[in-house]
Amino acid sequence: MPVFLACSGGKGEKADQMDALIINGPAKLSGKVRISGSKNTALPLFFSSLLFDEPVHYENVPRLWDVETTLSLLHSMGTESSWDKETGKVTVHPLVKKRVAPYEWVKKMRAGILALGPLVAKYGEAKVSLPGGCAIGARPVNFHIDALRKLGAQVEVKEGYIHASVPSRLKGAPISFPEVTVTGTENLLIVATQAEGETILQNSAREPEVVALGNLLQSLGARIEGLGTPTIRIWGSKLNAPARPISIPPDRIEAGTWIAIAMATQSELELENCPVGEMESVLEVFRRIGAQFEMSPKRDLMTIYPRPPYKAVDIDTQPYPGFATDMQAQAMAVLCLAQGKSRMRETIFENRFMHVAELRRLGAQIEIDGNSAIIAGPVMLQGAPIMATDLRASASLMVAALAAKGQTRISRIYHLDRGYQRLDEKLRRLGADITRVTE
Ligand code: EPZ
């Protein structure tokens, strides 16, 4: 079994190498594709290993740069880990020597903020770099900090770092998040399991990733009620180390991205290991645009039937169970092909339209008005050189490039590799004319 040490420059590819993808469209795809493990579920589950002293085993881990970065960040704290990238098995031995999540790693992946909760819960102290902003917004973490203070932690922000300590004991308290925050809910879920008494998280995130973390904590002895609802109650309890490997569930955003790809190329595709139960709002939107879906009896096999001509629709992104902001860019690429004017309103992030300028280079007719984008269609997209700016924007450009006539070159494709496991290889197997080149 080939085992790559994820952290000490094992055989992992170089994340900094500026790969590009060359796509010749329009593509016609056919076949079956297996949905990989969910990035946004894997990350909090990896950071929760900091709660334990014994090795924690994981399965079905997606092959992503963000997983590489997470293991490197944990390694910088003293943990040992091994990652068999072929089988998707990871072991993390959380021998924490430094309760510090350094800027060099957190700046690469904002989700490094997820080290804060487990360190405070386990050790009563943490020094975690402020994540800083990213392409889609300022991404503050004030809700995390305010909530920690309510549980009795002393938190100071200085010199770009969050310094947290627990002078006596964490004590449960009522907390109400001003806005729904996914990683904020995840951090506080973890800390509250180690706080004396009851904690109530009001306006908490309902995302499946949060529920998966809560379910793991419950299986280890935590007393938690209300997972998946806006109010979660947690009582302090002793946690046992995981006795069995933790399997990463499939990625609902990857699955949604495949629906966009199928519709943009008018291809019938079969998705295996598809988390249909977590995709209601995404399925509803794509049905309105023009698609039908057939689920297998055991519900993890879904066939997509595109039904052009596509209709223009209005979409607002919302916290789960609403239409996911992580699907906004991909849906916009499909709306370029719909008849009429669509309005896409981004209600979660203040700058998540970076893909619009690049889509326009392919011929899209999109006007931005505040946090709304008006997409006029249908347009005949034409291939052109374009650039990825963030993870889901790069997925959107891929969707559009597959529909566009002619050659498209998407540069800075490491953005895509952060959150999608070898999407270009999966596409090639379905018949796409797509080549990866190093710039
Ligand atoms: C998580 O980010 C996801 N990342 C994001 O996915 C996703 O887009 C986002 O949730 C929304 O669903 C992971 O799970 C690793 P938030 P997170 O805290 O937790 C504001 C991807 O593509 N806010 O729910 O960082 C914030 O600015 C990534 O995989 C504060 O103001 O997002 C935003 O406007 C991108 N203060 C809104 O709340 C805070 O303390 C929601 O952010 C926290 C958040």
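Analyst: What follows begins with the ligand and then turns to a helix, some loops and a few backbone details.

The model is a predicted one, in which local features need pLDDT of at least 70 and side-chain atom pairs count only at pLDDT 80 or more, while totals for chains, interfaces and linings use all residues. Residues are numbered from 1 along each chain as its sequence is written, and side-chain values use heavy atoms, with hydrogens and water left out.

The chain has been assigned two domains, domain 1 (3-36 + 250-438) and domain 2 (39-247), with bounds that come from an automatic or database domain assignment. Their centres, taken over C-alpha atoms, are 29 Å apart, and the contact between the domains takes 35 residues from domain 1 and 29 residues from domain 2, where contact means heavy atoms within 4.5 Å. Because both domains give residues to the shell around the ligand, the ligand lies between them.

There are 22 residues around the ligand, and Asn142, Thr181, Thr183, Asp326 and Ile348 come nearest; a residue is near a molecule or strand if one of its heavy atoms lies within 4 Å of it. By type, the shell divides into nine nonpolar, six polar and seven charged residues. In this division Ala, Val, Leu, Ile, Met, Phe, Trp, Tyr, Cys and Pro count as nonpolar, Asp, Glu, Lys and Arg as charged, and the others, Gly among them, as polar.

An N or O atom in the side chain of Lys39 is 2.9 Å from a ligand oxygen, a backbone N or O atom of Val182 is 2.8 Å from a ligand oxygen, and a polar side-chain atom of Arg352 is 3.3 Å from a ligand oxygen. On its own the ligand has 820 Å² of accessible area, of which the protein covers 90%; such areas come from the Shrake-Rupley method with a 1.4 Å probe, and for residues only the protein chains shown count as cover.

The elements that give two or more residues to this shell are helix H1 (39-47), helix H5 (142-150), helix H6 (182-192) and helix H12 (391-403), and the largest share, three residues, comes from H5. Helices (H or I, at least four residues) and strands (E, at least two) are DSSP runs, numbered from the N terminus.

The buried residues are Leu116, Gly117, Pro118, Leu119, Val120, Ala121 and Tyr123. Just after H4, Gly124 takes a positive phi of about 70°.

The loop between strand S11 (198-202) and helix H7 (208-219) holds Ser204, which counts as buried because its relative accessibility is 2%. The side chain of Ser204 reaches the backbone oxygen of Thr229 at 3.3 Å, and, leaving aside neighbours within four places in sequence, Ser204 is in contact with Phe177, Thr185, Thr229, Pro230, Thr231 and Ile232. Asn203 lies in the loop between S11 and H7 too, and is partly exposed, with a relative accessible area of 28%.

Some backbone details remain. Most residues other than glycine have a negative phi, and most peptide bonds are trans. Asn203, although not a glycine, has a positive phi of about 60°, and Glu159 has a positive phi near 50°. Glu159 sits in the loop between strand S8 (154-158) and S9, and counts as exposed at 72% relative accessibility. The peptide bond from Gly25 to Pro26 is cis, with omega near -5°, and Pro26 is in the loop between strand S1 (19-25) and strand S2 (31-34). The peptide bond from Pro308 to Pro309 is cis as well, with omega near 0°, and Pro309 is found in the loop between strand S17 (301-306) and strand S18 (314-316).

How values were computed
Polar contact = N/O pair within 3.5 Å; in protein donor to acceptor, adjacent residues only side chain to side chain. Buried < 20%, exposed > 50% of the residue type's maximum accessible area, 1.4 Å probe, protein only.
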